Amino acid sequence: MARIGLGFGRWNFHPLKRKSSLLLKLIAVVFAVLLFCEFLIYYLVIFQCKWPEVKPTTDDGEQATREPVLKAMFLADTHLLGEFLGHWLDKLRREWQMERAFQTALWLLQPEVIFILGDVFDEGKWSTPEAWADDVARFQKMFRHPSHMQLKVVAGNHDIGFHYEMNIYKVKRFEKVFSSERLFSWKGINFVMVNSVALKGDGCGICSKAEAELTEVSHRLNCSREQVHGSSKCGPGPLLPTSAPILLQHYPLYRRSDANCSGEDAAPPEERNIPFKENYDVLSREASQKLLWWLQPRLVLSGHTHSACEVHHEGRVPELSIPSFSWRNRNNPSFIMGSITPTDYALSKCYLPREHVVLIIYCGAVGFLVVLTLTHFGLLASPFLSGSNLLRKHKTSFEFER
């Protein structure tokens, strides 16, 4: 009787063991795919990005001298979803992507300063105080950074509204979190951060104040250049570095369209010839000319269009439009890495993982799990077993012929 009971127990045990084996295999595959797609792929892709090198400057054939290099990271249009238009799954997926990309980039690349060129939030233009506080808390978690790294943010139309939606309350609310700083200098380099939404030029209170701030910045920059030669006095306070500034804003300077833009992250071909609206897609011609005349920048960086473009204004001032950092706005988001000195700069682009690649990996994993399950229960012949049988039959046939 004991033998019969033992045999019956073994007969029940084998199917249970087979099910446990299948479950462990499924869990292992799922864990491995999740680990790769949600963590490791960011390290694998961003690890390939390198800081560009700035060539040492030479003076009249003398030995090249190396200036201190500032490593700056530029990104744009994160569009953190709000409570009205943001589906929870969309919000979870895209914000996780941006958080992992940002934190991985900080860990691998160690930038000294990070600039975000507007449209941090998607619904800042109409969010309630409670929704705004929630959005800010999520932003501070996602884009947390060590104390030795500085984070600077300029306002975009989705943060404070288009010109017709903008008001003092929204501007002050934004500046309370991200500062109202317009001029930032470090390592002999000047950065001018512009509220480009307020450059409508129609005399509104916020617009007049923005223009007054920019004329003051222009005066300080020009005065510092002249003070070196002793031709004027700039009043109290330290002198600014004498190098031409880098202009940072959300709206691009005026251009007719993206017709002359190219590259894998430029606007789609069917959209490049669509004319831009002034003060909606780009700044007006007048505002653009004022900025170039007042500040005399050596480089302009902007966002807003969600696509890349490089143009030259007046044949000498380059502008680079930075693509969106979020999968929600494009399949191949990226950011700019800049090695900057007081007299020169070098830029390179760092692409993030492509969303369609991650989706293909997930679809492939699902297909593999289905095949593994069907094979386990005998509903589908194992490809490895089929291959082995085919080789065995071929070998037997070959020996028979001999």
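Guide: A cavity is a set of grid points where a 1.4 Å probe fits but cannot get out, and its lining residues have an atom within 4 Å of a point. The model discussed here is predicted.

Visitor: How many cavities of 30 Å³ or more does the structure hold?

Guide: Rolling a probe the size of a water molecule over the atoms shows where empty space is left. In this structure, two cavities reach 30 Å³ or more. The largest cavity has about 140 Å³ of space, and the second largest cavity has about 50 Å³.

Visitor: Which residues lie nearest the centre of the largest cavity?

Guide: They are V153, V154, A155, S179 and R182, out of 15 lining residues. Two elements, β3 (150-154) and α5, each give two or more residues to this lining. The largest share comes from α5, with four residues. By class, the lining of the largest cavity has nine nonpolar, two polar and four charged residues.

Visitor: Which residues line the second largest cavity?

Guide: The second largest cavity is lined by H163, S196, V197, L199, K200, Y251 and N279. Three of these residues are nonpolar, three are polar and one is charged.

Visitor: Helix α5 has come up already. How is the packing of α3 against α5 described?

Guide: Two packed helices are described by the angle between their axes and the distance between the axes. For α3 (residues 129-142) and α5 (residues 168-178), the angle is about 30 degrees and the axes are 12 Å apart. Angles under 35 degrees count as roughly parallel, so α3 is roughly parallel to α5. The crossing of α3 past α5 is right-handed.

Visitor: Which residues of α3 and α5 meet?

Guide: On the α3 side they are P129, W132, V136, F139 and Q140, and on the α5 side Y169, R173, F174, V177 and F178. This contact has eight nonpolar residues, one polar and one charged.

Visitor: At what angle do α2 and α3 pack?

Guide: Helix α2 (residues 88-109) packs with α3 at about 40 degrees, and their axes are 9 Å apart. From α2, the contact takes K91, E95, M98, E99, F102 and Q103, and from α3 it takes R138, K141 and M142. The residues of the α2 contact with α3 comprise three nonpolar, one polar and five charged.

Visitor: Now the pockets. How much space lies in the largest pocket?

Guide: A pocket, unlike a cavity, is an open set of points. The largest pocket holds about 410 Å³. Its lining has 20 residues, and those nearest the centre are F276, D281, H304, T305 and H306. Sorted by class, the lining of the largest pocket has six nonpolar, eight polar and six charged residues.

Visitor: Which residues lie nearest the centre of the second largest pocket?

Guide: The second largest pocket has about 220 Å³ of space. Nearest its centre lie C309, E310, L320, I336 and K349, which belong to a lining of 14 residues. The strands β8 (309-313), β9 (317-321) and β11 (345-351) each give two or more residues to this lining.

Visitor: Which element gives the most to the lining of the second largest pocket?

Guide: That is β11, with four residues. The lining of the second largest pocket divides into nine nonpolar, two polar and three charged residues.

Notes
Residues numbered from 1 in each chain as written. Predicted model: local features only at pLDDT ≥ 70, side-chain atom pairs only at ≥ 80, totals over all residues. Heavy atoms only, no water. 1 Å grid on protein atoms, 1.4 Å probe; cavity = no way out; pocket = protein on both sides within 12 Å on 5 of 7 lines; lining within 4 Å. Points joined across faces, edges and corners; volume = space filled by probe spheres on them. Nonpolar A, V, L, I, M, F, W, Y, C, P; charged D, E, K, R; others polar. Axes fitted to C-alpha atoms, helices over the stretch in contact; angles between N-to-C directions. Parallel < 35°, antiparallel > 145°, perpendicular 65-115°, else oblique. Left-handed = near helix turned anticlockwise from the far one by under 90°. Contact = heavy atoms within 4.5 Å.
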